[in-house]
Structures are given as C-alpha cells and as structure tokens.
Amino acid sequence: MARVCQVTGATPGFGNTISHSHRRSKRRFNLNVQKKTYWVPSLGRKVTLTVSARGIMTIDRRGIDAVVAAIIQRDGHL
C-alpha cells in the first residue's frame, strides 16, 4: 500500500537519523495511513479510502460527502 493520503495528499517525509556520535543515515518518516470504509449517501454506496489520521479528522469536520466530492473533482475518479 502506498503511503499517500487520498484526502490530504500527504506523502512521507525524508530526513536523517542522527546517532549519539552524530553520524547520519537516511530515514523515512511514514504517515499514519489506514484503510477506512465510509458510507457515502450521495453515491448510495460504501467507499474505501486510504487516509491518514489528519484525513480522518478532516472527514469528521467537513463531512464525507464534501470530501468525496473534492476527491472526485481533483482526481476525476474515486
């Protein structure tokens, strides 16, 4: 599963792990991405989204209908 949120569009960040001796090695900061299934009344069906924790909060705040409409408008499909 790709670590990309379908709601916010967030992707992993990259940086360095710094040891006690200050040696640096590359690392990746992954998102808290989860598969969630929502009932969308405007479509009349269930939709499974790959969303981050912030994306779940966005759905709670704006509503699933508004979020799905924005995803369809942005990507052209769901």
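## A nonpolar patch on the surface

In this predicted model, Leu-43, Ile-72 and Leu-78 form a nonpolar patch on the surface, and together they have about 210 Å² of accessible area. Patches are made of residues with over 30% relative accessible area and no salt bridge, nonpolar side chains (Val, Leu, Ile, Met, Phe, Trp, Tyr) being joined within 5 Å and like charges within 9 Å; the areas come from the Shrake-Rupley method with a 1.4 Å probe, and for residues only the protein chains shown count as cover. Leu-43 lies in the loop between β3 (33-40) and β4 (45-52), and Leu-43 counts as partly exposed because its relative accessibility is 36%, where buried means under 20% relative accessible area, exposed over 50%, and partly exposed in between (1.4 Å probe, protein chains only).

Residues are numbered from 1 along each chain as its sequence is written, and side-chain values use heavy atoms, with hydrogens and water left out. Local features need pLDDT of at least 70 and side-chain atom pairs count only at pLDDT 80 or more, whereas totals for chains, interfaces and linings use all residues.

Strands β3 and β4 run antiparallel and are joined by eight bridges, two strands being paired if DSSP finds at least two bridges between them; strands (E, at least two residues) and helices (H or I, at least four) are DSSP runs numbered from the N terminus. Within this pairing Tyr-38 stands opposite Val-47 in β4, and in the hairpin, which has four residues between the strands, Gly-44 takes a positive phi near 75°.

Ser-52 is found in strand β4 and counts as buried because its relative accessibility is 6%. Not counting residues up to four places away in sequence, Ser-52 touches Cys-5, Thr-8, Asn-32 and Val-33, contact meaning heavy atoms within 4.5 Å.

## The largest nonpolar core

A nonpolar core is a set of buried Ala, Val, Leu, Ile, Met, Phe, Trp, Tyr and Cys residues joined through side-chain atoms within 4.5 Å. The largest one has 13 residues, of which Val-7, Tyr-38, Leu-49, Val-51, Ile-59 and Ile-64 touch the most other members. At least two residues of this core come from each of β3, β4, α1 (53-62) and α2 (64-75), with α2 giving the largest share, four residues. Leaving aside neighbours within four places in sequence, the contacts of Leu-49 include Tyr-38, Ile-59, Ile-64, Ile-71 and Leu-78.

## One salt bridge

The count comes to one salt bridge, defined as a side-chain nitrogen of Lys or Arg within 4 Å of a carboxyl oxygen of Asp or Glu. Arg-74 forms a salt bridge with Asp-75, their closest N and O atoms being 3.3 Å apart. Arg-74 is partly exposed, with a relative accessible area of 47%, and Asp-75 counts as partly exposed at 41% relative accessibility.
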